[in-house]
Amino acid sequence: MELTEKAELAIQGDKEAFMNMIRAVQQNLYVIARSIVKNEEDCANTIQEAIVKAFSNVHRLKEPAYFKTWIIRILINECNRIIKKKKRVSPVPYDLRKTSYKGEYEQIELFEVIDGLDEQSPKYKGLVIPNTVEIAVDNTLSSLFDQNMKKRSPHKRWRWAAVAVAFFFVLGAVSILTFPTFAEVLRSLFAKDNPDIGLMRAQELGLVINPHIKVKDKGYTLVINEAVADPTRVTLALQLFDENGKHDRDKLGLGDVNTITIKDDKGNVVGSMYDMGYTSDFYYMVDFFSEPLKKDKITIEGSIGTLGQSNETLIKGNWNFSFDIDMKEANKQNNIEELAGSYTTPHGMTVTLKRLTRMVQGVRFELETELDGAAMARSPGDLWEKQMLGFHFETTGGEEIHSVNPRKWNYMDSLMTSDHKVVGNGKMRWSYTFKYLPEDKPYRFVMDAYSVAEMDGSKISFRPSELTEPQTFKVMNDSLELVKASLEKSQANKGEHETVISF
């Protein structure tokens, strides 16, 4: 079956076809994500998010032939969001920067990178996707497989949602268009595989507010009736109604033109919201804070001036809005637990548990790693900063609670955001925010794996022109096989050539 036919089936709601499409483009996704975010952990996270968003929105894709282009655009947005979140400069590579669009799908160049990323290209035949990324893709697809994909028919979609949410209507003489709240949608539709415990808790504590936002222009009305914030994240449900009172889920896009920013009480921008997808009943806007936000008040500012997709006539107008959220009550729910315990690995890394910060919508777990002198000597310069941790929490009976970067299938995952930074010579601070961790039961932290980039001085020498057949070299305890070398046009500099080595 051709890829276009599979894409058509995926758009119509065929889960198997969607999974096959992801398998077909996963190498492309890895190449692009790796070129932007640089490390494996962020690479796996961005691909996971792109798959989830594509899964939630594939029913809106109008041209099956451009499935790959479409999901790569989603991935690039996720990569840029993570970079912005970490507040570090990591420019998109040249071949992704020169982006032009002619219509929504036609001639989307990305400097020809989409067409150039051909799975059959010799350049990528020897590419091996890391286990971390492979497992992330597998687990994401596995978790999505049991969920119902949305169909194009709004009547079928509403019938399905009505059963899932278990609404009971008394039909009378009044005709009314009704949408479930975001708390009800997330509680009911995702309770089986991915319950949003933090949102439920915020609702129970009375922290979900109604900002009474209703902005009308050019026949479209933007409405926000629900929002919630705590030091973990900000979430709001945004709806956009046309002149007939019908919610239009495809008209609003966020990016350079339209933005929803979060500001602190001094007017500083502390976050930027994006659409998580998940439901067709509203735009599910969210932003996660990598560090707990310690503010008594925040302001949500929307700058919305354009509606419509790039392949249709854009509607210019003014749907700007602004409202405040009082954080005092949410901050009162914060509870910091100092942790004790450390472990030193045979290779000179000491892992020290630091603290848990329990917030309304999540639990932040912090730890530190420190390399001894011998380990630092094996990782000169800033090479030692290239680290990865794998661990899990489990009950005293050995039942898994959550896992991070596991090397296994079908693991438990409620990680919302993670970050790490250098806090000293050889020392790094790691933070992970989970949807929950048990409060009333004991549980264990188990270190599963770690990696640190090292240099042992090994070198290999060869002449590219003489590499007519594979050559194998021993490096430390590994074997490195050079497959071929070729001279190809440079992707970074037009008119130049570069040596490409497959290994």
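Biologist: Which residues of helix α11 (residues 197–204) are buried?

Modeller: Gly 198, Leu 199, Met 200 and Ala 202 are the buried ones. Buried means under 20% relative accessible area, exposed over 50% and partly exposed in between, with a 1.4 Å probe and protein chains only. Just after α11, Gly 206 has a positive phi of about 75°. The model is predicted: local features need pLDDT of at least 70, side-chain atom pairs count only at pLDDT 80 or more, and totals for chains, interfaces and linings use all residues. Residues are numbered from 1 along each chain as its sequence is written, and side-chain values use heavy atoms, with hydrogens and water left out.

Biologist: What makes the pair of Phe 391 and Tyr 432 edge-to-face?

Modeller: Rings of Phe, Tyr and Trp (its six-membered ring) pair if their centres lie within 6.5 Å; planes under 30 degrees apart count as stacked, over 60 as edge-to-face and the rest as tilted. The structure holds 13 aromatic pairs. In this one, Phe 391 and Tyr 432 are 5.0 Å apart centre to centre, with 80° between the planes, and the pair is therefore edge-to-face.

Biologist: Why does this pair tie together separate parts of the sequence?

Modeller: Phe 391 belongs to strand β16 (residues 387–395) and Tyr 432 to strand β19 (residues 427–434), so the pair links parts 41 residues apart in sequence. Helices (H or I, at least four residues) and strands (E, at least two) are DSSP runs, numbered from the N terminus. Phe 391 has 0% relative accessibility and counts as buried; Tyr 432, with a relative accessible area of 1%, is buried.

Biologist: Why is the pair of Phe 391 and Phe 445 called tilted?

Modeller: The centres of Phe 391 and Phe 445 are 5.1 Å apart and the planes make 45°, so the pair is tilted. Phe 445 lies in strand β20 (residues 443–452), so the pair with Phe 391 in β16 ties together parts that are 54 residues apart in sequence. At 23% relative accessibility, Phe 445 is partly exposed.

Biologist: Which strands of the open sheet stand at the edges, and why?

Modeller: The sheet has three strands in the order β17-β16-β20, with antiparallel pairing. β17 (400–404) and β20 each have a single partner strand, so one side of each is left without a neighbour in the sheet. Neighbouring strands are turned by 10° against each other on average, direction ignored; axes are lines fitted to C-alpha atoms, for helices over the stretch in contact, and angles run from 0 to 180 degrees between N-to-C directions.

Biologist: How do you know that β16 and β17 pair?

Modeller: Two strands pair if DSSP finds at least two bridges between them. β16 and β17 have four bridges, in the antiparallel sense, so they pair. Phe 393 has His 402 in β17 as its bridge partner. In the hairpin of these strands, which has four residues between them, Gly 398 takes a positive phi near 90°.

Biologist: Why is β17 called largely enclosed?

Modeller: Five of the five residues of β17 are buried, so the rest of the structure largely encloses this strand.

Biologist: What span does helix α3 (residues 40–57) reach against the expected one?

Modeller: The expected span is 1.5 Å times one less than the number of residues. Helix α3 has 18 residues and reaches 26 Å from its first C-alpha to its last, close to the expected 26 Å. Of those 18 residues, 15 are buried, so α3 is largely enclosed by the rest of the structure.
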